[in-house]
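Work through the exercises below with the sequence and the coordinates at hand. Each task is followed by a solution in steps.

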Amino acid sequence: MRRRFPALVAAVIAAMVAVLIGPNTASAATWPVIANGDSGAQVTTVQHLLNHRGYATTADGQFGPATEAKVSAFQSANGLTADGSVGPLTWPKLVATVQSGSTGNAAKAAQTQLNRYGYGLVVDGDFGTASTNAAKDFQSKHGLTADGIVGPNTWNALVGGSGSGGGGGGTSRAQLAASIDASSRISLLTYHVSGVVDADSTAQANITDTKNGTTAETSNYSDVGEREVWLSTAMLNGMLKLATERGYTFLVTEIAGGDHSSNSNHYKGIAFDADNMSVSNATFVSACRAYGATEALDEGNHVHCAWQ
């Protein structure tokens, strides 16, 4: 708790200043406090921005001692309290303006943030037409000038928001499924590779049900019969990142449906099969493991990836 105290004090001060100067400046909105022990897209954003500022950091989404040390070094160099936490006073100095034609780590950070809102961008550090249009759409939906330029006010709205608005994405099970369903890089099979008809348990049906906030179904002809299972958020997140961060295109042939061995992870809602990938089976398997898959297998005519 001692580590976070200066950042919390800064947050209180920033809030008081916001009341005095009004709502028309970037400092008026709430900047989150990101610190040691945090994980996810907010951390990845911080790491990309540290890299942009010349503080080499592995962008793995895990805020550990190494990232804390880099933040502290950045704060010391910029006249800030070196508490290692990224709060209301550190964010404005860390972010950088990104716009059409921008490349590099700051562009990756902006793309990472836009993907929190479901825009499904490839995080390649090339802020082109798709990224600019996503930024304009986000700005329009959040009362900002829709110029596609990610400046202080847009950064503030991006990192300060919950990730549940904009393009409809986010980190909940339903939001992840919605982003997968909307992705042009992910195709969902509407029938079973076995040829047996059970429309309620196809890959498309599993994602549609999840998007609608309900359970997915296993196939009535499977070893376990028809069951209702919640799809794993870790699996859904991994599936989405294969498209948004790696830029792969692929066909999801089965998730909870199909006929597998009686103890298959498919029936637990934590596995999916993919075919027609834009990369080799081996490359896809390796990427699944990089995103936390505990089971990634090259099955010859498809790849199987599962998350515990």
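**Aromatic pairs, core and disulfide**

The structure holds seven aromatic pairs, where rings of Phe, Tyr and Trp (its six-membered ring) pair if their centres lie within 6.5 Å, and planes under 30 degrees apart count as stacked, over 60 as edge-to-face and the rest as tilted. The model is predicted: local features need pLDDT of at least 70 and side-chain atom pairs pLDDT 80 or more, while totals for chains, interfaces and linings use all residues. Residues are numbered from 1 along each chain as its sequence is written, and side-chain values use heavy atoms, without hydrogens and water.

**Exercise 1.** Classify the ring pair Phe250 and Phe272.

Step 1. The ring centres of Phe250 and Phe272 are 6.4 Å apart and the planes stand at 25°, so the pair is stacked.

Step 2. Phe250 lies in strand S4 and Phe272 in strand S5, 22 residues apart, so the pair links distant parts of the chain. Helices (H or I, at least four residues) and strands (E, at least two) are DSSP runs, numbered from the N terminus.

Step 3. Phe250 has a relative accessible area of 2% and is buried; Phe272, at 0%, is buried as well. Buried means under 20% relative accessible area, exposed over 50%, partly exposed in between (1.4 Å probe, protein chains only).

**Exercise 2.** Classify the pair that Phe250 forms with Phe284.

Step 1. With 5.2 Å centre to centre and 70° between the planes, Phe250 and Phe284 are edge-to-face.

Step 2. Phe284 sits in helix H11, 34 residues from Phe250.

Step 3. Tyr248, Phe250, Phe272, Phe284 and Trp307 form one aromatic cluster.

**Exercise 3.** Which residues touch the most other members of the largest nonpolar core?

Step 1. A nonpolar core is a set of buried Ala, Val, Leu, Ile, Met, Phe, Trp, Tyr and Cys residues joined through side-chain atoms within 4.5 Å.

Step 2. In the largest core, of 34 residues, they are Leu242, Phe250, Val252, Ile255, Phe272 and Phe284.

Step 3. Helix H10 (233-244) is among the elements that supply at least two residues, and H10 gives the most, six.

**Exercise 4.** Locate the disulfide and state whether Cys288 is buried or exposed.

Step 1. A search of the whole structure finds one disulfide (cysteine sulfur atoms within 2.5 Å).

Step 2. The disulfide joins Cys288 to Cys305, S to S 2.2 Å. Cys288 is in helix H11 (residues 281-290) and Cys305 in strand S7 (residues 303-306), 17 residues apart.

Step 3. Cys288 counts as buried because its relative accessibility is 0%; Cys305 is buried, also at 0%.
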